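Trainee: Could you take me through the reading of a structural model, one feature at a time, giving the general idea before the particular case?

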Amino acid sequence: MREFDLLQPKTLNDALEALAQNNATIRPLGGGTDMLVDLRARRVQPDTLVALQGVNELRGVTRANGHLHVGASTTIAEILKNPLFAPFNALRQAASVFANPMIRNSATIAGNIGSASPAGDMLPPLLALNAQIELVSRNETRVMPLSEFFLGPRKTAKRADELISSIQLLVTSNQSPVSNPQSSAFYKLGLRQADAISLVSVAVWLERDGEKIRDVRIALGAVAPRPMRATRAEEILRGQIFSETNLKESARIASTECSPISDLRASADYRRRMIAVYVRRMIEQAWQHF
Ligand SMILES: Cc1cc2nc3c(=O)[nH]c(=O)nc-3n(C[C@H](O)[C@H](O)[C@H](O)COP(=O)(O)OP(=O)(O)OC[C@H]3O[C@@H](n4cnc5c(N)ncnc54)[C@H](O)[C@@H]3O)c2cc1C
């Protein structure tokens, strides 16, 4: 591993100042679970790392103005235990099959997003939940839909002087008479039941109006250069009665929308077939949760 300087700022301002004053060889450090592997493999060779663990402004989960604001340093373990995440079933399901308890205690949500792996477990649920991402630099704060953040494998819209500061999720209440019931579900297919990188993953979000699916989002992982929405599959279901025929057709379309690769773990054809299976199952599961 190449030597590097480690900065440990105590405030967000200090972290942003460090990023602004250095060149592209400075990198933020969250829980380090991806970064350490990358450093050892010399996939990244930064001169300086900015450790974010001591920055309080990046911690905490709060509910305000109809949104859940999830601090960048929120760990996967916290998503499992904090009751504020209860409305976001898909996110909780992804957290429950994420690595193992030790990794979940260190790995952060911003680190999962920052790594931009097509197989990152938290990414399909966040896309299905229509998450917004807040990016801060010394001079600017910008909020963008997460769907616009991923540009390719390990490539994002984040500039070198920016940090992910929070992730925002719209909170609705199934008890409220003015909003329709909403539900979400996630499944990761791996070579082992837990602690395995996904072969495919699927997250869905549904809004129900009587016997109709009023709105729907379907997100897929590990079957394209970046986590993706299956928008044509969504069109088959949006505004339609929940029916076996629509479900089958939507799942079939989803399997044609993705572009998986064949590798040692599975063929592209198998991955496509599994997308059809799990899109259908996750829609059924989310519907049953209403
Ligand atoms: C044994 C093992 C098992 C794993 N299992 C899984 C799994 O089941 N599912 C899965 O999805 N992943 C898994 N991972 C990968 C990893 O744990 C996750 O991607 C994790 O979420 C990374 O978070 P981190 O806080 O450790 O990020 P780090 O390693 O600290 O950083 C990752 C990247 O994000 C950037 N970054 C971190 N924080 C910020 C920020 N606030 N703003 C901008 N950029 C930032 C860093 O610069 C770096 O590029 C596993 C890793 C290991 C070692």
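Predicted model: local features only at pLDDT ≥ 70, side-chain atom pairs only at ≥ 80, totals over all residues.

Trainee: How many helices and strands does the secondary structure of the chain come to?

Mentor: Helices (H or I, at least four residues) and strands (E, at least two) are DSSP runs, numbered from the N terminus. In this chain they come to ten helices and 15 strands. The radius of gyration, taken over C-alpha atoms, is to be set against the globule rule, 2.2 Å times the number of residues to the power 0.38. Here the radius of gyration is 19 Å, close to the 19 Å that the rule gives for 290 residues, so the chain is as compact as a globular protein of that length. The C-alpha trace spans about 60 × 50 × 30 Å along its principal axes.

Trainee: What share of the residues of the chain count as buried?

Mentor: A residue is buried if 20 or more other C-beta atoms lie within 10 Å of its own, exposed if 12 or fewer, and partly exposed in between, with C-beta atoms placed from the backbone. Of the 290 residues, 43% count as buried.

Trainee: In which order do the five strands of the open sheet stand?

Mentor: Two strands pair if DSSP finds at least two bridges between them. The order here is β4-β5-β10-β6-β7, with antiparallel pairing. Because β4 (61–64) and β7 (141–145) stand at the edges, each with a single partner strand, one side of each is left without a neighbour in the sheet. Strand β6 (residues 132–136) is joined to β7 by five bridges, and a hairpin connects β6 to β7 through four residues; Leu-135 stands opposite Arg-142 in β7. Strand β6 also pairs with β10 in the antiparallel sense over five bridges, and Ile-133 stands opposite Ile-167 in β10.

Trainee: Which residues are the closest to the ligand?

Mentor: A residue is near a molecule if its C-beta atom, placed from the backbone, lies within 6 Å of it. The ligand is surrounded by 28 residues, of which Gly-30, Gly-31, Gly-111, Asn-112 and Gly-114 are the closest. Elements that give two or more residues to this shell are β2 (26–29), α2 (35–40), α5 (101–106), α6 (109–115) and β10 (163–170). The largest share, five residues, comes from α6.

Trainee: Where is Arg-42 placed, and what is its phi?

Mentor: Most residues other than glycine have a negative phi, and most peptide bonds are trans. Arg-42 has a positive phi of about 60° although it is not a glycine, and its place is in the loop between α2 and β3 (48–51). Arg-42 is exposed, since 9 other C-beta atoms lie within 10 Å. Asn-65, in the loop between β4 and β5 (67–71), has a positive phi of about 50° although it is not a glycine. With 8 other C-beta atoms within 10 Å, Asn-65 is exposed.

Trainee: Which residues does Gln-240 touch, not counting those up to four places away in sequence?

Mentor: Two residues are in contact if their C-beta atoms, placed from the backbone, lie within 7 Å. With those up to four places away in sequence not counted, Gln-240 touches Lys-212, Ile-213 and Asn-246. Gln-240 lies in strand β15 (residues 240–241), and counts as partly exposed, with 18 C-beta neighbours inside 10 Å.

Terms used. Residues numbered from 1 in each chain as written.
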